[in-house]
Amino acid sequence: MNKGKTSFNMKMFTRDANFVRLFIVFIAVFIACCALKGSQFLNAGNFESMVKQFPEYGLLAVAIGLALLIGGIDLSAVYIANLSSIIAGRFLIAIAGEGASEGTVYAMIFASFLVAVVIGILAGALNGYLISGFGIPAMLATLGTQSLFWGFGVVLTGGSSMSGFPTQLASVVNGSIGFIPVTVVIFTVACVVVGLIVSRTVLGRQMKMYGTNNKATTYAGLNNMKLVITTHVIAGVLASLSGIIMWGRYSSCRADNGSAYTMQAILIAVMGGVSPNGGKGNVQGVVLAVLIIQMVSSLLNMFNNIPSACRQIIWGGLLLAVMIFNYVVDSRAKRH
Amino acid sequence: MNLKKITKKTEFYIAVIILVFCILVQLRSGQFFTNNNIVDLLRSMTIPMMFCVGEMMVLISGGVDCSFPAIASLSMYFVCTRMDGMFGNPLPYFLVAILLGLMMGALNGFIVAKFKFPAMIVTLGTSSLFLGIMQGILGSSEYPLTSALNALGTTKILTATNAQSGLTSELPIHFVFMVILIVATWFLMNKTMLGRAIYAVGGDEVAAARAGFNVFGTRMFIFCLSGALAGFIGVCRASMLLTVSPNNMIGMEMDVIAACVLGGVSLVGGRGGIIGAVLGTALMTIVSNSLILLGVSTQWSRVFTGVIIIVGTAVSAIQEQRRKKKLFVTVSAKPEV
């Protein structure tokens, strides 16, 4: 009894250690930003643009983090986001005729948001079913659905970008509640809900158990299929929320918006402490990693002589560096 | 008995599907079995097939390489632009590209073999790294092809003219490279100790180590080989297209991995073969090239690719489950006998 309690506390401690480490990095990056580009970094305009940018890929990072947590991966998240916004966009254009009153337009916009979320649920359920029902490796299943969702997006938009939405759409998504932007509210609420699910509920514990050893969860009598589908449905919902944000921010949708986000989201999730082997991780770590990446990204923007493609070098290099760093720390902790 | 064994193989099913699909397209359009269409197909198969051979070896060894399009693009772009016009012979271009590819592959191999990270995430990371170097530091853009490679690219081994429509299709010399590569890989995988080692490491790493295979060395070798091949194929691609278009290969990794898995190469390693990989690539190429003949808009090609990947992998996953179940039943039934 006593032994079990201490091992649980040990676990809490190591989990916190990762968070503490991230927090130190966060502070260090913040100080570095202030030191390098103080006046440009520390002004309201910069904070405003930073706050506008991170929710869309932050949500994708949490979605992919969930898939990594159960020992899989989700390569289709970005395309779930695009497809759900495209279908919602077509729905909105179809129902919003000329001369509708202000109130009905808002109602229609919210209805189309619901459509987007439903598409996210369906797409996630398809991913989950392919993985657990047929036993297709997660990487291949989501690779196939990536192609599928992307393809449907291309067919629905004719390969170009879709626009001509009511102007109220942009004002809803880009607006703010009090002084907090709507996108940040969406991001915060989603992260709190998913964070509680992962760390405080039976479902979350089962996810981690499944990610550690799915054979053991089978023998423990868990319903693996239900678990995988639920996880991917949550990931799908997060992706569709990200799709809604991108849709509103650009007032247009494309089948291949944000294709670079897949790589960036994997980086953020791994950096946030989600083990790429599955079974370990939490949402608060991922959120901190999102903020760190956003600061680095904004800092890079301030140097005009760095071409934007160099960012890829930094993301790729960082991913490998973080993985190696975690490996070294973990193996040291094991030796003790 | 032998026939039964053949019909149980994935390769057999893929071959049947290819045949049925070809006949379907022929019935619908009457244009499939024309000499220029066949040559066109062989031509567009060349590059994916070579990539697929490299990827197949990585998959069998229990890894996966998502970075080969990036390696191919970067080494191709480097030799074609920084060595433009330096040699009159195409050979040095290939050699330097192979060397660059080898170095990048070695980086992949070292990280995967040393730290035992998931190969997919590592190679996604290095892929981003290599593409960033090409687009950011080298500032890639379209570039004219150097004359030596241009001469190689215009060397044809076959020209087919369709008597009906008057369309001609040419088969470039790279097709020969592809055939040589396939034969060499078959030999490596089936007739050498190294091939055995690759299968053994992919099948069960611990067992392979106990049996005396060098696991680290084998993994390093396979990623180096994959990188070197990618460098070579990158230059092939440029000389086939007769222009240096750096972004042209990005995104091919997914189709190539899918083609391998369709052909029965296991994603967890240890199983698969060159015939399956070749047939898988053939199927993918034939389907995406024949959509126009079927009267389907090219906008649908991505959807079709997705459906092929999902259906193909689902079939092999179900087969795998059945195989496992069978194994389980025979073992558990033994005590009762």
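Trainee: Where is the place of A:Thr157?

Mentor: Look in helix α5 of chain A; that is where A:Thr157 sits. Keep in mind that this is a predicted model.

Trainee: Why is A:Thr157 called buried?

Mentor: Its relative accessible area is 12%, and buried means under 20%. The value 12% falls under that cut-off, so A:Thr157 counts as buried.

Trainee: Which residues does A:Thr157 touch, not counting those up to four places away in sequence?

Mentor: A:Thr157 touches A:Ile86, A:Met162 and A:Ala255. Contact means heavy atoms within 4.5 Å.

Trainee: What makes the pair A:Gly153 and A:Thr157 a polar contact?

Mentor: A polar atom of the A:Thr157 side chain lies 2.8 Å from the backbone oxygen of A:Gly153. The cut-off is within 3.5 Å, so the distance of 2.8 Å meets it.

Trainee: Now for the two chains. How many residues does the contact take from each chain?

Mentor: Chain A gives 39 residues and chain B gives 38 residues. In chain A, the residues that lose the most area to chain B are A:Met139, A:Leu140 and A:Leu320, together 16% of what that side buries.

Trainee: How many salt bridges and how many residue pairs in polar contact are there between chain A and chain B?

Mentor: There are 0 salt bridges, and 5 residue pairs are in polar contact, with both residues at pLDDT 80 or more.

Trainee: Which element gives the largest share of the side of chain A that touches chain B?

Mentor: That is α5(A), with 13 residues. By class, this side of chain A has 28 nonpolar, 11 polar and no charged residues.

Methods
Residues numbered from 1 in each chain as written. Chains lettered and ligands numbered in written order. Predicted model: local features only at pLDDT ≥ 70, side-chain atom pairs only at ≥ 80, totals over all residues. Heavy atoms only, no water. Buried area = accessible area lost by both parts, 1.4 Å probe. Salt bridge = Lys/Arg side-chain N within 4 Å of Asp/Glu carboxyl O. Polar contact = N/O pair within 3.5 Å; in protein donor to acceptor, adjacent residues only side chain to side chain. Helix = DSSP H or I, 4+ residues; strand = E, 2+ residues; numbered from the N terminus. Nonpolar A, V, L, I, M, F, W, Y, C, P; charged D, E, K, R; others polar. Buried < 20%, exposed > 50% of the residue type's maximum accessible area, 1.4 Å probe, protein only.
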